[in-house]
Amino acid sequence: MPEWTDRRALLRIGGAALGAAAATATLGAAPAAAADPEDVITPQQFGALADGQHDDTDAIEQAINATRTKTTRIVVFPPGTYRITRTIVIPDVSGESFNRIQLRGYSTMTNRASIIQVTHDGVGIDVRCSLAAIYGLAFVAPAKTEHNVALRFAGEVNTDDTDAAILECTFVSFKLAVDHVGRGLYFSHNLVALCTTGISLAWPTEGVDGGGVHLPPYGLRKWLITNNHFHSPFQAIVAQGAESSDFRGMIIQGNLLDIGRRLFIGSISNSTISGNVVENADNGAIIEITSGGHNLTIGDNVLGGFEAPQDKGTRAIQFSSDVKAHNVTISGNTFNWLKGTPIRFENDASRITIANNSFDNWNLSGRSDNAAISVAGKASAFSVIGNVISADPANRPPIATTGGLHASHVIGNASEQVPLVGGPVGADSFVQATPGRFNRMEVAGPLGAAAKVISTSTEPVKVGTDRYGSFVVEGSNANPGVKGGVRVVPVNQSGSAATELLCATTSTNELVSMAANATGLVPPADNARDLGSATQRMRTVYAHQVVLAEHTPDSLPDAAGQSGGIILVRDPKTGKRGLALSDGAAWRNVVLGPGLTGMRPILLTPGARPGVWRGALAWTEEDGGWQPWRLPPERIATAHAPVLVTRARMPAGVRAAVRTDAAALELRTWAAADDVTSLDVTVDGALWQRTALAAGAATSHVALPPGAKAVEVWLPQFGEVRIGPLVLHGATYAAATPGGGPRWVTYGSSITQCRSAAGPSETWPALVARRLGWELTCLGFAGECHLDPVAARAIARTPADLISLCLGGNVHGFASMSARTFPGQVSGFIQTIRDAHPSVPIAVLTPITSPPRERLPNQVGLTRDEIRAAVADAVRTLRSCGETRLHLIDGPVVLGPRDAHLLLDDALHPDADGYRLMADRLTPRLAAVAAHRRVP
């Protein structure tokens, strides 16, 4: 009987054993003998000897070609060493669905191994079909050569579809173990030893068919590389994405690099790298992201060099300079024995979570430019939580940025270095130096709540006990304990609270020096605390009234210690009360004049005194207060713009103007939200007092200088606000300040509403009006300047001697009009106004500069520069049709590129100084328009 017949008989036995082993394997692989053994093909059927000496190349190639007539397409390699001397090609045969093929060996790590010995300097097996699986084969080269590759997968037809499975294989002494071009690789339970590169992933340059799921970026997906052992590779995995695309859907998990220099280099996004162990790393970052770098999870890895003196590791995780990492989570990793930085971002990074990692024995080189977490750019929205960081030999902060830490928090980290962060820390970030009791904190700047103490007490309220939480300072000197701070305690059973200020003396701690509650500032006991001292006095105390404690002649304090003091004295015989003044030697009677009568406060409401309140188009009574409107409330619904309704209820430019001899004024306000700005009071044209407002009800009290004066109360330029009556105290008269100046109506966007101005009296419209003596009606609506007909009709109905229109900024920012519609809308808006004001001069302002938006097309393709040109063209066209009282003011002349440093961080809105500069430049130009002169 021929020898191959005996081998087939042997195959029936061995194939069944192989199938049983595969069925019980953890990989879940299909057993080789699932099909009839008669259908299984071996190289021995075509003359292979598998003795390591004979050239089995042709036999293997013929066995592979023979599978084309089989249903299963399985080639089984019985134990032995198969020597090949040239590349074996598995072709992609047209018309054969996916060309599925399996190459199966018996084992790789026993004396019954199936070994493919690649002796030539080239590719061992070149797989060009769409689906292929390699099981239980050992690929071995006598020596690593310049071009030897064990396996290459690259499709010939649908070049992107090269799904491959490589399981329980061994690769020894190759320049590259597996070269995979296309989409989809399952590489698991393999051993890669003494190879320069374990796996190379790339994308085909041509021949990609199919729709969106086949093309980048989504086409670059499906890589599962798990539970492999890489021994002494220079790099285990290298990924090179297609142009402008990145590998995604990759799982690199549970791999061991033993004396393994680098785990991953290349392009990756939307993937996870977890549970890997790398020791004795060297020659670069263990994980280096060169492209992509977003939507990644890198967790539960052990990444490091090796204990001294073999501390070879450089960096553990690095995002290269071309990568702006974002949406990345790095957690649960152990970094150890590294010469350099464990986590390094070479560019800006945002939305990064770095949590629960251990940094041990890092920066062993002692370089001052290394850090545990290093960002060579701007770090935004970082969450650094719960990490344990050993000491830096260079004694530097473990977190370092060159562009600053912004909108971030660093909490609960254990570090031997304080401060924790090196480099600028933005005011919107929070850094806690050590975990636990918050005994040391670094607060970047005043925030809405720079430090919030949350009470954990669940016990019932008990008056005077600490139930709401404290923020205190403890000492550890000869008199340890609470040295001072703030404590919040209940003052009644309903839960009302007081804030206690604590202090200490040389012998007493936790001494309450003062308590602030809803009724005022209260000392802990009668006459137990002073405000000011004999040497450190308060300059002025402003109050509605001063109530003096009552003395009798026999209870007067020593006059020698009360020089300048005033007390109330009651005569027990007559019951009359009078004042006494100490001159330092005795108490002297103060002669009192007759009682005052007729000094009731004067109340000025928009309903009763409309001439006092100016700048609003209408007022309505709402919830006990007065609501100003800068668009007609009865018509505002026709705009179909809810945000415009909100902006119309914001009192930009609305003010009370009164001449009076009042000693003080007060105004009750109700603000709808915390976005409200401040309240300004001017006296004789100069700012007298600015009061910050917040959400809810507030009463502003302002003491005024004596005598007659002109007082203006400017309501906040931003924030929805209702008011009560303006109350004047100590006044004998109050009259509306005479108007008489030109009536000026100005319309525009947030640049006209001026939220970021220093105050409502220092918006650019307010400054221009105050300088020129004009009566201002400000119709600036932040984000809502879209040439609404309701606004045009409102301007048309408002008496005016001058009208200015700032047009185009919101139309560009919100892409609310196109190149086709915008110029015509500008013309129609102006003509609606002109029909009602045939002789009033109108100034049209184009948008001010915004450097990043000048040539940036919006959603409808218009740049800010093109918007500006369209406004100018509309004005020129109207002038050519006989509009002689229409003037154009170029926005960049008012605030141009050289003034960009006066813009906020959004590079769009001016800061307070920017609005002052706009007023300086617009005052002469608008004055020229009003006087029918040439605009400078």
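Visitor: Which residues line the second largest cavity?

Guide: Happy to start there, and please keep in mind that this is a predicted model. The lining of the second largest cavity consists of Ala652, Gly653, Gln717, Gln753, Pro760, Thr763, Pro765, Ala766, Leu776 and Cys778. Two or more of the lining residues come from each of the elements α5 (764-772) and β66 (775-780).

Visitor: What makes this space a cavity, and what is its volume?

Guide: The second largest cavity has a volume of about 30 Å³. The word cavity is used because a 1.4 Å probe fits there but cannot get out. With a threshold of 30 Å³ or more, the count is two cavities.

Visitor: And what is the volume of the largest pocket, and what lines it?

Guide: The largest pocket holds about 1800 Å³ of space. A pocket, by definition, is an open set of points. Its lining has 33 residues, and Arg529, Asp530, Leu531, Leu548 and Ile566 lie nearest the centre of the pocket. The elements β49 (550-551) and β50 (566-570) each give two or more residues to that lining.

Visitor: Where in the chain do the two partners sit?

Guide: Tyrosine 747 belongs to strand β65 (residues 743-748) and phenylalanine 829 to helix α8 (residues 822-836), so the pair links distant parts of the chain, 82 residues apart.

Visitor: How do you know whether these two are buried or exposed?

Guide: Buried means under 20% relative accessible area. Tyrosine 747 has 1%, so this residue is buried. Phenylalanine 829 has 3%, and therefore it is buried as well.

Visitor: Which residues form an aromatic cluster?

Guide: Phe139, Phe171, Phe187 and Phe230 form one aromatic cluster. One of them, Phe171, is also listed with Phe319 and Phe345 as having the most contacts inside the largest nonpolar core, which has 92 residues. Helix α2 (residues 57-66) gives the most to this core, with four residues.

Visitor: Which residues of α2 are buried, and what covers them?

Guide: Thr57, Ala59, Ile60, Ala63 and Ile64 are buried in α2. Their cover includes the strands β1 (51-55), β2 (74-77), β3 (80-84), β4 (88-90) and β5 (101-105).

Visitor: What does phenylalanine 345 touch?

Guide: Leaving out residues up to four places away in sequence, phenylalanine 345 touches Phe319, Ala325, Ile330, Ile352, Ile354, Ser374, Val375, Ala376 and Phe382. Another core, of 41 residues, lies apart from the largest one and includes Ile795, Leu805, Ile833 and Val871.

Visitor: Why is arginine 261 said to sit over the ring of phenylalanine 234?

Guide: The charged end of arginine 261 is 3.9 Å from the centre of that ring. The distance limit is within 6 Å, and the charge must also lie within 35 degrees of the ring normal. Arginine 755 likewise has its charged end over a ring, that of phenylalanine 718, 4.2 Å from the centre.

Visitor: Why is threonine 196 called buried, and what does it touch?

Guide: Threonine 196 has a relative accessible area of 14%, and the limit is under 20%, so it counts as buried. The residue lies in the loop between β15 (191-193) and β16 (197-202). Beyond its sequence neighbours up to four places away, threonine 196 touches Lys144, Phe174, Lys175, Pro233, Phe234 and Gln235.

Note on methods
Residues are numbered from 1 along each chain as its sequence is written. This is a predicted model: local features need pLDDT of at least 70, side-chain atom pairs count only at pLDDT 80 or more; totals for chains, interfaces and linings use all residues. Side-chain values use heavy atoms; hydrogens and water are left out. Buried means under 20% relative accessible area, exposed over 50%, partly exposed in between (1.4 Å probe, protein chains only). Rings of Phe, Tyr and Trp (its six-membered ring) pair if their centres lie within 6.5 Å; planes under 30 degrees apart count as stacked, over 60 as edge-to-face and the rest as tilted. A nonpolar core is a set of buried Ala, Val, Leu, Ile, Met, Phe, Trp, Tyr and Cys residues joined through side-chain atoms within 4.5 Å. Contact means heavy atoms within 4.5 Å. On a 1 Å grid over the protein atoms alone, a cavity is a set of points where a 1.4 Å probe fits but cannot get out, and a pocket is an open set with protein on both sides within 12 Å along at least five of seven lines; lining residues have an atom within 4 Å of a point. Grid points are joined across faces, edges and corners, and a volume is the space filled by probe spheres set on the points.
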